[in-house]
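Please consult the sequence and the coordinates together while reading. The paragraphs that follow move from one part of the fold to the next.

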Amino acid sequence: MSRSSWIATACLAAGAVVILLLTHSLDAAVAGAVAGAIAVALAVETSGRSRISQRVEPSDDASRSSGEIARNAALIAGIPIPILVVEQGRIVEANASATELLGNHILGADVRLAIRNPAALDLILSERTREVSATIEMVGLGGAEQRWSMRIVPLANETKLLALLDQSGRHAAERMRVDFVANASHELRTPLAGILGFIETLRDPVAGADAKTRERFLSIMDGEARRMQRLVDDLMSLSRIEADKYRAPASPVGLTLLAEEVADVFRNRTDFAGRGIEIISAPDLPPVRGDRPQISQLLHNLVSNAIKYGAAGTPITISLTSAERDMVRLTVTDRGEGIPPEHIPRLTERFYRVDSGRSRAMGGTGLGLAIVKHIVERHRGRLDLTSTVGKGTTVTIDLPIYAESELSELMSQN
């Protein structure tokens, strides 16, 4: 390997480390290294081509043979991120990811027809990026909500390499984080403000001396404090589930017995009068591979929602059957008002409520279905929600069974 190749390799490795440290993103580091590697390869080839052209055809050193184009196209074809090579303002090469994003018509076209972001175009066509690499963020390329980071790497003979890294996921995660903090702060701030206001009133010598007023305020304060406690408990539970997200559960859990236990808990509650829980379980149902406390929490959340939103005096049905691909299907059905279809896709979002006032009045935190979704994801299962306005809602969950070989091994160990 030549001295220049060693230097180039060291620079690429250092660049990848710097990107990783700055962005905390392995994808970004890999993309930066890949773009740099392509740039070095193309620069070396272009430089070599330039020297050959100067020696053989000094009057036309910008000409390119079909063989050179094919080699460059093969070099970038396997890169999973969109790559463009721009020469004197025209796109001379593009890999499959780039043409899928921007269209096949971009090859040979002016770069302004492919990249319609004014700030990005100014940077691509500027004199500055003929010698120095640059990065710019863009919105709307390929879709109104998509965000991209474009890396512009100068090569030789007014040729530039453009590498596009999709940042949509990172921005969506950041937006979710900001929304989550704002919603959590609001959910805690509202009851806390009420409690502080009641404390101030009770300290008043006149208002605080009245027994009825004091008892009413203390009752409200107790309800608000318990609401905050439920919210904090749900937030901590969600955090624990997310912490275990990549560690699949490995214990056998019998859903029929667990469903009966959960149903008994609700049957003994005073607010369950006039309701019934019907459990329909297929015979010889195999155990699922799971975390028993988390599946119990999942069932509690689903039955609790069915009680809150099901019509008074109507039963709740828990159905347990075998499903395809070695799964067990759990469904919880209520007979309530139902949910309009436009709300269905957002029901598992944190703090999302169809009717905020009604949910809070019933003691809901807005995290129940978000917790259910994360438990299902951790168990490598599937979640589906269907609802018909005026008839009710059904939540369907498929969980993988505990394999017979695993069950036999466990029994032999005991």
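Which strands does α12 lie across, and at about what angle does it run to β11? Helix α12 lies across β11 and β12 (392-400), and its direction makes an angle of about 145° with that of β11.

Strands β11 and β12 belong to an open sheet of 5 strands, ordered β7-β9-β10-β12-β11, in which the pairing is mixed. The edge positions are taken by β7 (277-281) and β11 (382-388); each has a single partner strand, so one side of each is left without a neighbour in the sheet. From one strand to the next, the twist averages 15°. Within this sheet, strand β9 (residues 316-323) and strand β10 (residues 327-333) run antiparallel and are joined by 7 bridges. Thr 321 has Arg 329 in β10 as its bridge partner. As a general principle, the strands of a sheet pair through backbone hydrogen bonds, either parallel or antiparallel.

Helix α9 (residues 255-267) lies across β7, β9 and β10, and runs at about 175° to β7.

Helix α12 also packs against another helix. The axes of helix α8 (residues 211-243) and helix α12 (residues 368-378) come within 10 Å and cross at roughly 15°. Because angles under 35 degrees count as roughly parallel, α8 is described as roughly parallel to α12. The crossing of these two helices is left-handed. On the α8 side, the contact involves Asp 234, Ser 237, Leu 238, Ile 241 and Glu 242, which meet Ala 370, Ile 371, His 374 and Ile 375 in α12. Sorted by class, the contact of α8 with α12 comprises 5 nonpolar, 2 polar and 2 charged residues.

Another pairing involves strand β1 (residues 83-87) and strand β2 (residues 90-94), which are antiparallel over 4 bridges. Opposite Val 85 stands Glu 93 in β2. The hairpin formed by β1 and β2 has 2 residues between the strands, and Gln 88 in this hairpin takes a positive phi near 55°.

The mean pLDDT of the protein is 79, and 76% of its residues reach 70 or more. Over residues 1-24, pLDDT stays under 50, and the model has 17 contacts beyond four places in sequence for this stretch. Residues 40-63 likewise have pLDDT below 50, with 26 contacts in the model beyond near neighbours in sequence. Where pLDDT is low, the predicted coordinates should not be read in detail.

Definitions and conventions:
Residues are numbered from 1 along each chain as its sequence is written. This is a predicted model: local features need pLDDT of at least 70, side-chain atom pairs count only at pLDDT 80 or more; totals for chains, interfaces and linings use all residues. Side-chain values use heavy atoms; hydrogens and water are left out. Two strands pair if DSSP finds at least two bridges between them. pLDDT is the predictor's confidence in each residue, from 0 to 100. Contact means heavy atoms within 4.5 Å. Axes are lines fitted to C-alpha atoms, for helices over the stretch in contact, and angles run from 0 to 180 degrees between N-to-C directions. Angles under 35 degrees count as roughly parallel, over 145 as roughly antiparallel, 65 to 115 as roughly perpendicular and the rest as oblique. A crossing is left-handed if the near helix is turned anticlockwise from the far one by less than a right angle, and right-handed if clockwise. Ala, Val, Leu, Ile, Met, Phe, Trp, Tyr, Cys and Pro count as nonpolar, Asp, Glu, Lys and Arg as charged, and the others, Gly among them, as polar.
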